[in-house]
Amino acid sequence: MVAGLPRSVSPISHAHLRLLDQRLLPESEVYLDCTQVEQVISAIKQLSVRGAPAIGLAAAFGLLLEIDQYPDSKAEIATRLGEVGAKLVASRPTAVNLAWAVEAMLAFASTDAAGLGAAGWRDRLFAKATELYDADRAACRKIGAAGAALVSTHPRVLTHCNAGALAVSEFGTALAPIYHAHNQGVEVSVWVDETRPLLQGSRLTAFELMAHQVPCRLITDSMAAHVMASGLVDMVLVGADRVAANGDTANKIGTLGVAVLANHYGLPVYVACPWSTIDLNTASGSDIEIELRNPDEVRTFQGQPSAPTAVPVYNPAFDVTPGHLISGFITERGLIAGPFDETLKVAASHG
Ligand code: MRU
């Protein structure tokens, strides 16, 4: 955990999941105590819990919240879990970690464990969700170590959205190499894109970096070109919601623009993500479903109207950066350079 930072996903028991309400950060630290699956689904849809790995973990634990109410038969439990899992997966379409975590849980639930009653299943599945949580923690630490050398040679980093501790179990993905390098005494400094419309950069990334005492400066999204053109950036480092087999990467809306700019100015673009974000079943970025969100997110700024109330709006939550604009992926399996259609397959075989 990053010192002084609240934890986004806290499993209390199989029937109680505590989620940090990230919508209220940085002003208030408020928790949602979920005992019903619908509460978790609503928290995911409203971005109370957000960030690809964190929503996957919330879903893995959320799947079990009502298991005590299911009939005491393995077949019945599996059917109910399948139904609930499908609803959780449908709550946000772009981040593959959500489907990945639910599939891992359901595959585990379908393994043979004859003689186990509902309580036995419940405990086994809670242990499985905890295993996914611990694996994410370990992956984030490894990503931090794998990317730290890059940060020490490229210490002025620009990041977009929030791919820090708040978006995962702990430590982060894109922020992990920054934390790791900072802990080693590297003089890293971070340009934090505000990340319109929901301000994950200004509300969450700036908050995290300041809690960790990493020097940072907040800019609006439209200032990124100017800071790059002024020679103030060494590297772009972002997270991901889904990486296709050819390296095309869906991440928060605005990432594509940042990557195009970085390529124009000759700056490397690295994507840090756990292996659970890499989806070799998706051939390319054009196969990734992009979530469209409520127009009012664009018509307002932090709840206050900032546009005519009836103005038509287009509000895609993510965009896709083509693999050819990406210098490499920082994962728990190490640093992966292109050609991604070959190297990602090779890394998959080392899992
Ligand atoms: O809509 P959000 O806030 O869930 O979007 C989050 C991002 O795009 C992150 O960059 C991504 O999930 C990686 S988080 C480690």
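Trainee: Taking a residue as near a molecule or strand if one of its heavy atoms lies within 4 Å of it, which residues come nearest to the ligand?

Mentor: Of the 18 residues around the ligand, the nearest are Arg50, Arg92, Asp241, Asn251 and Lys252. This is a predicted model, in which local features need pLDDT of at least 70 and side-chain atom pairs count only at pLDDT 80 or more, while totals for chains, interfaces and linings use all residues. Residues are numbered from 1 along each chain as its sequence is written, and side-chain values use heavy atoms, with hydrogens and water left out.

Trainee: What lies 2.8 Å from an oxygen atom of the ligand on Asp241?

Mentor: A polar side-chain atom of Asp241 is at that distance, and Lys252 likewise places a polar side-chain atom 2.8 Å from a ligand oxygen. For Arg92, a side-chain N or O atom is 2.8 Å from an oxygen of the ligand. The protein covers 99% of the 420 Å² of accessible area that the ligand has on its own (Shrake-Rupley method, 1.4 Å probe).

Trainee: And what kinds of residue make up the shell, by class?

Mentor: Nine are nonpolar, five polar and four charged. Here Ala, Val, Leu, Ile, Met, Phe, Trp, Tyr, Cys and Pro count as nonpolar, Asp, Glu, Lys and Arg as charged, and the others, Gly among them, as polar.

Trainee: Which elements each supply at least two shell residues?

Mentor: Those include α2 (52-62) and β9 (249-252); helices (H or I, at least four residues) and strands (E, at least two) are DSSP runs, numbered from the N terminus.

Trainee: Where does the ligand lie relative to the domains, and why?

Mentor: The ligand lies between domain 1 (9-136) and domain 2 (143-349), because both give residues to its shell. The domain bounds come from an automatic or database domain assignment.

Trainee: Changing topic, which residues does the cis peptide bond with omega of about 5° join?

Mentor: That bond joins Arg196 and Pro197, and Pro197 is in the loop between β5 (189-193) and α7 (200-211). Another cis bond, with omega about 0°, links Gly338 to Pro339, which lies in the loop between β16 (334-336) and α11 (340-349).

Trainee: What is phi for Leu199?

Mentor: Leu199, in the loop between β5 and α7, has a positive phi near 65°. Most residues other than glycine have a negative phi, and most peptide bonds are trans.

How values were computed. Near = heavy atom within 4 Å. Polar contact = N/O pair within 3.5 Å; in protein donor to acceptor, adjacent residues only side chain to side chain.
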